[in-house]
Amino acid sequence: MALLVSAVPPCIVHEDAHLVVVNKPAGINTHSPSPYAGQGIYEWLKCREPRWGELGIIHRLDKVTSGLMVFSKTKLANQFLTEQFTRREVRKSYAFLTAKQSDEKTITVKTALSRAGERYLARPMRAGADLAETAFEYAGRVGDFFSWKARPLTGRTHQIRVHAQSIGIPVLGDGLYGGAPFQRVCLHARELGFSHPETNEELSFHCEPLFFENPAIALRELLIEPGLTNVYRLIHGASDGVGGLYVEKWGEYSLSQSESEPTDSQKKTIEQVRAPTRLTGIYHKVLNRQVRKASVEQSAPRSIWGKEASEVFHVLENGVKYEISFRQGYSVGLFLDQRENRRRLLQNYVAPEFKVFTEGANEVLNTFAYTCGFSVCAALAGARTTSLDLSKKYLDWGRRNFELNGLDPEQHDFIYGDVFDWTARLDKKGRRYNVILLDPPTFSQAKKGKPFVAEKDYGDLVRLVLPLLKPSGVLFASTNAERVSPEDFLDTIQASIGSAKRRIESMHYVPQAFDFPISKEEPAYLKTVWLRVK
């Protein structure tokens, strides 16, 4: 997979041996605010490529602010760049829009800042207070709005936003500081300049804002390599400002989902994503809580605009091909929220100092394998895989996914059966695995035996597979049980490992991917963790 290794997401503006310059989209933090919140761009980069494993944060942008940032890759760069920021030698310029007109064309604001809840307030300077200074320059009209350039001479939290409000030109979309309503906060770090840590060469970077592009689409387009991936979530409900609606891109088609037929407002959103994502057909699926009782025809997506998809079609994710069908019922062939974890198998890289595979031959057991997406990625990384699932149809689908990617399915095992039955059989046969993947549904029922309910039975599942895991093997555990908190999920897994007299050597928790953003209105549902178990 050399192509994948050499590819970089569109947000990378510049990279050399010492630093990375990034165009951060609005809607993603500089770094994660908590262990179980969505990744910031810093964590996302660190856990994406081994060469970014030692990234260092030099400065920050607010989640709502887009634009240029620099990260260090070496100790020299970290020290050299930090000193430049401390001495205020870094050249920074921001662009922003406002709905308010001002008679002034150039304004310099010098205040102290004090925190008041989520906001900061501009206060008169007093002894002992830290100075916040911003120079503003009018840049002309942009449609119905007014464009300004802001140059922060200090680096305080929310500084430009507070100062813009204090002089009567609040940033458009910035409701926290009196800005008029808009689809995003229209503040963008447009210019960044500094001296290179090794050569001392003056570097300057420039990146124009995308204020009028749908911010949800802009975020995805900056973080996803278009030549390698054409399937991802475009709109994630309330987190992207459209409660109750979820829209995904599947190659040249989109698939939207809601709990009822789409409202006029939702139809407008579906239509708005069509042109920028170059769609030729649109499908919709009504979310059904009683999907097991519905027929294939009742649960399958239906075409609502444009060209209809063929019986099966192929999509691309991280350079890997998958077969998709909108005519096979509720599930179409791939769960998009596991894209980043499939990539970890493909890249053999979970996080700094955490590889999936060891040198030599590696055996992987993929339980609840569905259409074998994890297995395909592990096989492409050189592993021999065993895919275990209750559905012959999905295992056959998985074999076709192997063939699509030039893999011989005859070199791998596909077992039709119940995980709880077959783990005991595999143990008796002496089968042992370097990697075991657990991604069960929240509910599963075999023809024989009791049903599996993730909320109460996950610990039993972990204990069941541990005898099959080689010493210092990797266990991947995942659940989309909404009512299980990350803390309880991890406690369950750790307790099960401890009760089996095994020990965790390393652990890396992975929150939902950036195209499934977490918010108060749209809490996290997916919990995943990689563990190396002694």
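1. Helix 11 (residues 419–428) lies across strand 19, strand 20, strand 21 and strand 22, and its direction makes an angle of about 130° with strand 21. Contact here means heavy atoms within 4.5 Å; axes are lines fitted to C-alpha atoms, for helices over the stretch in contact, with angles from 0 to 180 degrees between N-to-C directions. Helices (H or I, at least four residues) and strands (E, at least two) are DSSP runs, numbered from the N terminus.

2. This is a predicted model, in which local features need pLDDT of at least 70 and side-chain atom pairs count only at pLDDT 80 or more, whereas totals for chains, interfaces and linings use all residues. Residues are numbered from 1 along each chain as its sequence is written, and side-chain values use heavy atoms, with hydrogens and water left out.

3. Helix 9 (residues 373–380) lies across strand 19, strand 20, strand 22 (433–438) and strand 25 (469–479), and runs at about 175° to strand 20.

4. The strands belong to an open sheet of seven, in the order 21-20-19-22-25-27-26, with mixed pairing, where two strands pair if DSSP finds at least two bridges between them. Strand 21 (413–416) and strand 26 (504–510) stand at the edges with a single partner strand each, so one side of each is left without a neighbour in the sheet. From one strand to the next, the twist averages 15°.

5. Within this sheet, strand 19 (residues 363–367) and strand 20 (residues 384–389) run parallel and are joined by five bridges, and Val 364 has Thr 385 in strand 20 as its bridge partner.

6. Turning to the rings, the structure holds 23 aromatic pairs (rings of Phe, Tyr and Trp, the last by its six-membered ring, with centres within 6.5 Å; planes under 30 degrees apart are stacked, over 60 edge-to-face, the rest tilted). Tyr 42 and Phe 71 form a stacked pair, at 6.2 Å centre to centre and 25° between the planes. Tyr 42 lies in helix 2 (residues 41–46) and Phe 71 in strand 4 (residues 66–72), so the pair ties together parts that are 29 residues apart in sequence. Tyr 42 is buried, with a relative accessible area of 15%, and Phe 71 is buried at 0% (buried is under 20%, exposed over 50%, partly exposed in between, with a 1.4 Å probe and protein chains only).

7. Ring pairs also link Tyr 253, Tyr 283, Phe 313 and Phe 326 into a cluster.
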